[in-house]
Amino acid sequence: MDFRRFVRGAVDWSRLEAVARELARRYGREEVHVRFLEADNWLSTPMVVEDEWFVKVVSRQNSVVHALFTTGRNLGAFSSGTEGFFEHFGTPLDMAEHELEATERMREIGVNAPAPVEAFEVDGLGVLVLEYLPAFRSLDQLEREREREIAPRLFDSLRRLHEDGLAHGDLRAENVLIRDGELYFIDATNVRRDAAADARSYDLACAL
């Protein structure tokens, strides 16, 4: 078992089955086909349902890991002379609801993101449902020349976020997806509203 899986923890199969049953009930299916993803994700158990929905299952342990990551990032900001601006979520459902809201806001201002569906709770687990984007590549999987072509669109999307008072907060290459020539942002994190300027600077540093 690798370190990421150990830290992220494993959700009991019975609880994952409860999530699958709830998804089938909500979407009027007798049963659903679930495919788990081996994604580089510390904060949820990701899966694809019916090749139609991308689902993140967030556990209490994921919430604890998020708190640790948030503390580490804020310490990094403090060490550079800036007040920490990342915020933690209280519960797994809070984490799912935040990402749903962040995705909705990005799309409202014209920044590409998977279509949000809903967030809900099952047996103490936060469940986020988004549109599934098949056949994508993340930014770090592109050839260098292709990265150069994509870069202006990346900074234009950031400009749109920042002009609307938003910040991504976790702009890593794996959180920028390319599909059919279009750029999509995923996994926006939570930053304090009164520290938006510092968060935007952080976005630009990550993009560079």
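Me: In what order do the elements of the protein chain run from the N terminus on?
Reply: They go α-α-β-β-β-α-α-β-β-β-α-β-β-α. That comes to six helices and eight strands, where helices (H or I, at least four residues) and strands (E, at least two) are DSSP runs numbered from the N terminus.

Me: Before I go on, what sort of model is this, and which pLDDT limits apply?
Reply: It's a predicted model: local features need pLDDT of at least 70, side-chain atom pairs count only at pLDDT 80 or more, and totals for chains, interfaces and linings use all residues. Residues are numbered from 1 along each chain as its sequence is written, and side-chain values use heavy atoms, with hydrogens and water left out.

Me: What's the mean pLDDT of the protein chain?
Reply: The mean is 84, and 79% of the residues reach 70 or more. pLDDT is the predictor's confidence in each residue, from 0 to 100.

Me: And where is confidence lowest and highest?
Reply: Lowest in helix α1 (residues 3-8), at a mean of 49, and highest in strand β4 (residues 116-122), at 98.

Me: OK, β4 then. Which strand do six bridges join β4 to?
Reply: Strand β5 (residues 125-131), and the two run antiparallel. For pairing, DSSP has to find at least two bridges between two strands. β4 and β5 form a hairpin with two residues between them, and D123 in the turn has a positive phi of about 55 degrees.

Me: Which residues face each other there? Say, what is the bridge partner of E121 in β5?
Reply: G126 is the partner of E121. F120 stands opposite V127 in β5.

Me: Which other strand pairs with β5 over six bridges in the antiparallel sense?
Reply: Strand β3 (residues 53-58) does. Across that pairing, F54 has L130 as its bridge partner, and K56 stands opposite L128.

Me: How many of the seven residues of β5 are buried?
Reply: Six of them, so to speak mostly covered. Buried means under 20% relative accessible area, exposed over 50%, partly exposed in between (1.4 Å probe, protein chains only). Over the protein chain, 47% of the 208 residues count as buried.

Me: Zooming out, in what order do the five strands of the open sheet come?
Reply: β1-β2-β3-β5-β4, with antiparallel pairing. β1 and β4 are the edge strands, each pairing on one side only. Neighbouring strands are turned by 25 degrees against each other on average, direction ignored.

Me: Which strands does α2 lie across?
Reply: β1, β2 (45-49), β3, β4 and β5, and α2 runs at about 135 degrees to β4. Axes are lines fitted to C-alpha atoms, for helices over the stretch in contact, and angles run from 0 to 180 degrees between N-to-C directions. Contact means heavy atoms within 4.5 Å.

Me: Switching to side chains: how many aromatic pairs does the structure hold?
Reply: Two. In one of them, the rings of W13 and F36 have their centres 5.8 Å apart and their planes at 50 degrees, so the pair is tilted. Rings of Phe, Tyr and Trp (its six-membered ring) pair if their centres lie within 6.5 Å; planes under 30 degrees apart count as stacked, over 60 as edge-to-face and the rest as tilted.

Me: Why does that pair tie together parts that are 23 residues apart in sequence?
Reply: Because W13 lies in helix α2 (residues 13-26) and F36 in strand β1 (residues 34-36). W13 counts as exposed at 54% relative accessibility, while F36 is partly exposed at 36%.

Me: What lies over the face of F120?
Reply: R26, at 3.8 Å from the ring centre. The test is NZ of Lys or CZ of Arg within 6 Å of the ring centre and within 35 degrees of the ring normal.

Me: Now the three-strand open sheet: in what order do the strands come?
Reply: β6-β7-β8, antiparallel again. The edge strands are β6 (137-138) and β8, each pairing on one side only. Four bridges join β7 to β8, and L177 stands opposite Y184 in β8. Helix α5 (residues 144-163) lies across β7 and β8, at about 50 degrees to β8.

Me: Where is G181 found?
Reply: In the loop between β7 (176-179) and β8 (182-185). G181 counts as partly exposed, at 26% relative accessibility. Leaving aside neighbours within four places in sequence, G181 is in contact with R146 and R153.
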